[in-house]
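Reader: I am new to protein models, and I would like to learn how to read one feature at a time. Could you take me through the model shown here?

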Amino acid sequence: MDDVASQATGCHASGHYHHRGGHVLSTQGQVTQGLAQGHLVRRLTQLYTGLALYGASSALLVEAGLGLEPWNVLHQGLAELTGLTIGVVSIIVGAAVLLLWIPLRQRPGLGTVSNVFVVGVAMDGTLALLPEAHSLAVRIPLLVAGILLNGVATGLYIAARFGPGPRDGLMTGLHRRTGRSIRLMRTAVEIAVVVTGFALGGTVGVGTLLYALSIGPLAQFFLRVFAVPAASDGSTVVATGQPRGAILRP
């Protein structure tokens, strides 16, 4: 009888032990899942904040009227030609560039598709809110603020790791297909974009040069500031991956 009682007690203890072990594993799983969800929320927040701020920074450069970043020189020129807003043109051009990814066998991420729409909408929205700037005393600070904010936005957006913007993906795709360096492909594409945009009426000026000289260092600095640590479980909920040194803007 004592043996039976002992066996019963042992069974109960063993069962209790496994129950507690299962509870611990379940708790650990919930914690891991919670951390992964928090990690994803942070990345998504950075992605959309960065894209919205990028559009706002581009609007500041437009309002300053002292020179735009290369692709917006083209967007502004096309806007002058078509009568559409620069934000709408940005969306159309972004979508067209994204189609060029197909023969280049590029794969877009969430950030790529979001970029097409969010930046253009944010640009038009900010331009609608900004008062007109006429004096250099206002336009120069707008230019400086636009470039700095663009660097912040670029760091936020890229550090989220949701895929490159359509224009940068075009350059990296050309690099892979042609075997030419990314720097050469980027330079060639942006020269063509600026020349075409300028011919159509886009603004090229001291702001264009200042942007070209400063955006690289600014982007690298804010990339470090806003870097998101890898998820603890090593999972990637949304496709990521961007060539190092290739992406400096959405």
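Author: What follows goes from the whole chain to single residues. This is a predicted model, in which local features need pLDDT of at least 70 and side-chain atom pairs count only at pLDDT 80 or more, while totals for chains, interfaces and linings use all residues. Residues are numbered from 1 along each chain as its sequence is written, and side-chain values use heavy atoms, with hydrogens and water left out.

Reader: How many helices and strands does the secondary structure of the protein come to?

Author: Helices (H or I, at least four residues) and strands (E, at least two) are DSSP runs, numbered from the N terminus. Here there are nine helices and zero strands, and read along the sequence the pattern is α-α-α-α-α-α-α-α-α.

Reader: What percentage of the residues in the protein is buried?

Author: Buried means under 20% relative accessible area, exposed means over 50%, and partly exposed lies in between, with a 1.4 Å probe and protein chains only. By that rule, buried residues make up 43% of the 250 residues.

Reader: How should I read the packing of helix 2 and helix 3?

Author: Axes are lines fitted to C-alpha atoms, for helices over the stretch in contact, and angles run from 0 to 180 degrees between N-to-C directions. Helix 2 (residues 70-82) and helix 3 (residues 86-99) pack at about 115 degrees, and their axes are 9 Å apart.

Reader: Which residues of helix 2 and helix 3 meet?

Author: Contact means heavy atoms within 4.5 Å. On the side of helix 2, the residues are Trp71, Asn72, His75, Gln76, Leu78, Ala79 and Thr82, and they meet Ile86, Val89, Ser90, Val93 and Val97 in helix 3. By class, this contact has seven nonpolar, five polar and no charged residues, where Ala, Val, Leu, Ile, Met, Phe, Trp, Tyr, Cys and Pro count as nonpolar, Asp, Glu, Lys and Arg as charged, and the others, Gly among them, as polar.

Reader: Where is Gln106 found, and is Gln106 buried or exposed?

Author: Gln106 is in the loop between helix 4 (101-104) and helix 5 (110-129), and Gln106 counts as buried because its relative accessible area is 12%. Leaving aside neighbours within four places in sequence, Gln106 is in contact with Trp101, Gly169, Thr172, Gly173 and Arg176. The C-alpha atoms of Gln106 and Thr172 are separated by 8.7 Å, although these residues are 66 apart along the chain. Their side chains are joined by a polar contact of 3.1 Å; a polar contact is a pair of N or O atoms within 3.5 Å, and within protein one must be able to donate a hydrogen and the other to accept it, while residues adjacent in sequence count only if both atoms are side-chain atoms.

Reader: What is the phi of Arg105?

Author: Most residues other than glycine have a negative phi. Arg105 has a positive phi of about 60 degrees although it is not a glycine. Arg105 lies in the loop between helix 4 and helix 5, and Arg105 counts as exposed because its relative accessibility is 73%.

Reader: Is Gly55 buried or exposed, and which residues does Gly55 touch?

Author: Gly55 lies in helix 1 (residues 2-64), and Gly55 is buried because its relative accessibility is 0%. Not counting residues up to four places away in sequence, Gly55 touches Val119, Ala122 and Met123. The C-alpha atoms of Gly55 and Val121, which are 66 residues apart along the chain, are separated by 7.4 Å.
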